[in-house]
Amino acid sequence: TEEYNVGTTVVVPGAWASAPSLNVPRSITGLSTGAGVQTAGIAAGGYDSTATNTASTEEYDGSSWTAETSMGNARRAGAGFGVQTALLIGGGYEASASTTKTEVYDGSSWTAGGVMVSNYHNLAGAGTTGAGLSFGSTEASTQTSSYDGSSWTATTAMPAGRGNGGGCGTQGAALAAGGFPVQTQTYEWGGSSWTAGGALNTGISSSSNAFGTQTAAILAGNTAVPNGQSYDGTSWITSPVMGTVRNSYGAGGTQTSGMAFGGGWPPAPLGALTEEFTGETTAANIQTI
C-alpha cells in the first residue's frame with residue numbers, strides 16, 4: 001500500500017544562473033556590500049588580467065555590461081558600497097601601496113571624496129555614499145570607520161580583526177562575516193558597537209563577498225571549496241553554490257535577487273563571468289478553497 005499526499009505549498013529552491021560577462025575580466029576584492037542590484041549593477045576597479053590594477057568602470061542593466069567613465073585612480077581591494085548611480089570606493093591598493101583616497105561615482109563621473117582615517121586595504125563595507133561604513137582590513141585589523149558623505153571618522157573597533165571578509169547592510173545595521181585568517185565568526189553592527197552573531201557553517205578565509213542586509217544575507221564563493229550560506233539574522237544555513245567556484249568577486253542585490261561578477265586571483269585565471277541569484281520562493285498549491 002502506498003499513500004499519496006498533496007502539499008499545500010510549492011517550494012522552488014534558490015539557484016544561480018549564468019548571465020552576460022564583464023567586458024574587462026578582473027578580481028574585485030572589496031566591492032562586497034551589495035553595490036547595486038541584479039538589474040542595475042556596477043563593477044569598478046580591481047585587478048585585471050595583465051596583473052595590474054584597473055580603473056575600469058562598467059554598468060549592468062540586467063542583460064549586458066557597458067563601459068562607463070573610469071575611476072580617477074586604478075586600485076583594488078578597497079571598501080565599496082552604494083548603488084549604480086551613487087557608489088563609493090575607499091582605500092585599497094593603488095600601484096603597490098595602500099591608499100587613503102576615496103572616490104565617489106554619480107552615475108556618469110567620479111569625484112574625490114574624504115580621505116580615509118588610515119591607509120587600509122582588503123576591506124569590507126556597508127551603506128550608502130552619504131552614510132557608509134568600512135571595517136576590517138589586511139593584517140587582521142579591527143578598524144571601523146564611518147562616512148558621512150564628506151569625511152571619515154574612526155569609531156568602535158571590531159572585537160577581532162580580519163581582512164578579506166564579507167560585508168553588507170547599512171551604516172546603522174551592518175554585517176561582517178568570515179575573513180582571513182579562516183573565520184566562522186559573524187559580527188553585527190548596531191550603529192555604535194559590534195555584537196556576535198550566528199557562526200558560519202563553513203569558515204571563510206579568502207575574499208568571499210556578501211550581499212543583502214544584516215538579517216537577510218547571502219555569502220557565497222571561496223578559493224577552492226564550493227560554498228553558499230544564507231543568514232536570517234540569527235543563524236546561517238546552507239544555500240545554493242555558484243556555478244563557478246571563485247573568490248575576489250563583486251556582488252550586489254538582495255537575498256532573493258542578487259548577482260556576482262568577476263573573480264579569481266593570479267596565478268589562477270581572472271574571470272569575467274556574471275551569475276545571477278534567485279532566492280527560494282513558495283506558492284500556494286490549493287485548487288479549491
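Where in the chain does Ser 248 lie, in terms of the strands around it? It sits in the loop between strand E26 (236-238) and strand E27 (250-253). Keep in mind that this is a predicted model.

**Ser 248**
- Ser 248 isn't a glycine, yet its phi is positive, near 55°.
- Is Ser 248 buried or exposed? Ser 248 is buried, because its relative accessible area is 2% and the cut-off for buried is under 20%.

**Ala 95**
- Ala 95 is a non-glycine residue with a positive phi, in this case about 60°.
- You'll find Ala 95 in the loop that runs between strand E11 (93-94) and strand E12 (97-98).
- With a relative accessible area of 62%, Ala 95 counts as exposed, since exposed means over 50%.

- E15 pairs with strand E16 (residues 131-135) in the antiparallel sense, and the pairing runs over 5 bridges.
- If you want a spot to look at in the viewer, take Gly 127, whose bridge partner in E16 is Gly 132.
- How many residues separate E15 from E16 in the hairpin? There are 2 residues between the two strands.

Methods
Residues numbered from 1 in each chain as written. Predicted model: local features only at pLDDT ≥ 70, side-chain atom pairs only at ≥ 80, totals over all residues. Heavy atoms only, no water. Pairing = 2+ DSSP bridges. Helix = DSSP H or I, 4+ residues; strand = E, 2+ residues; numbered from the N terminus. Buried < 20%, exposed > 50% of the residue type's maximum accessible area, 1.4 Å probe, protein only.
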